[in-house]
Amino acid sequence: MWKSGELKASQLPRGTVIVGTDKTVEGVVIYARVSSAENKSNLDSQTERLKKHCEAKGY
């Protein structure tokens, strides 16, 4: 979302993404990653688990 401009954020030279604190935007950001492209299927399942957790918590 941040690369497309939907989310106010920037990336540091080492890859860290800094998300802005725009007070007009409400919501939750989830972050998932894997160690290599070989583990991409794990990324999909990790993302789904995070989404379900946020929904269960009412975020």
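This report describes the fold, surface and charged contacts of a predicted protein model.

## Model and confidence

Residues are numbered from 1 along each chain as its sequence is written. The model is predicted, so local features need pLDDT of at least 70, side-chain atom pairs count only at pLDDT 80 or more, totals for chains, interfaces and linings use all residues, and side-chain values use heavy atoms, with hydrogens and water left out.

The mean pLDDT (the predictor's confidence in each residue, from 0 to 100) is 80 for the protein. A score of at least 70 is reached by 88% of the residues. Confidence is highest in α1, with a mean of 89, and lowest in β2, with a mean of 79. Where pLDDT is low, the predicted coordinates should not be read in detail.

## Fold

Helices (H or I, at least four residues) and strands (E, at least two) are DSSP runs, numbered from the N terminus.

Helix α1 covers residues 40-57, which is 18 residues. Its expected span (1.5 Å times one less than its number of residues) is 26 Å, and its end C-alpha atoms are 26 Å apart, in agreement. Just after α1, G58 has a positive phi of about 80°.

Contacts (heavy atoms within 4.5 Å) were counted at a separation of 6 or more, and 8% of these join residues 24 or more positions apart.

## Surface

Accessible areas come from the Shrake-Rupley method with a 1.4 Å probe; for residues, only the protein chains shown count as cover. The protein's accessible surface is about 5,400 Å², and carbon and sulfur atoms hold 51% of it. Of its 59 residues, 2% are buried. Buried means under 20% relative accessible area, exposed over 50%, and partly exposed in between (1.4 Å probe, protein chains only).

V17, V19 and V29 make up a nonpolar surface patch of about 210 Å² accessible area together. Patches take residues with over 30% relative accessible area and no salt bridge; like charges are joined within 9 Å, nonpolar side chains (Val, Leu, Ile, Met, Phe, Trp, Tyr) within 5 Å. V17 sits in strand β2, residues 17-19. V17 is partly exposed because its relative accessibility is 32%.

## Salt bridge

The count is one salt bridge, defined as a side-chain nitrogen of Lys or Arg within 4 Å of a carboxyl oxygen of Asp or Glu. E48 and K51 form a salt bridge at 3.7 Å, N to O. Both residues lie in helix α1, three residues apart, about one turn of the helix. An α-helix has 3.6 residues a turn, so residues three or four places apart point the same way.

E48 is partly exposed, at 39% relative accessible area. K51 is partly exposed, with a relative accessible area of 39%.
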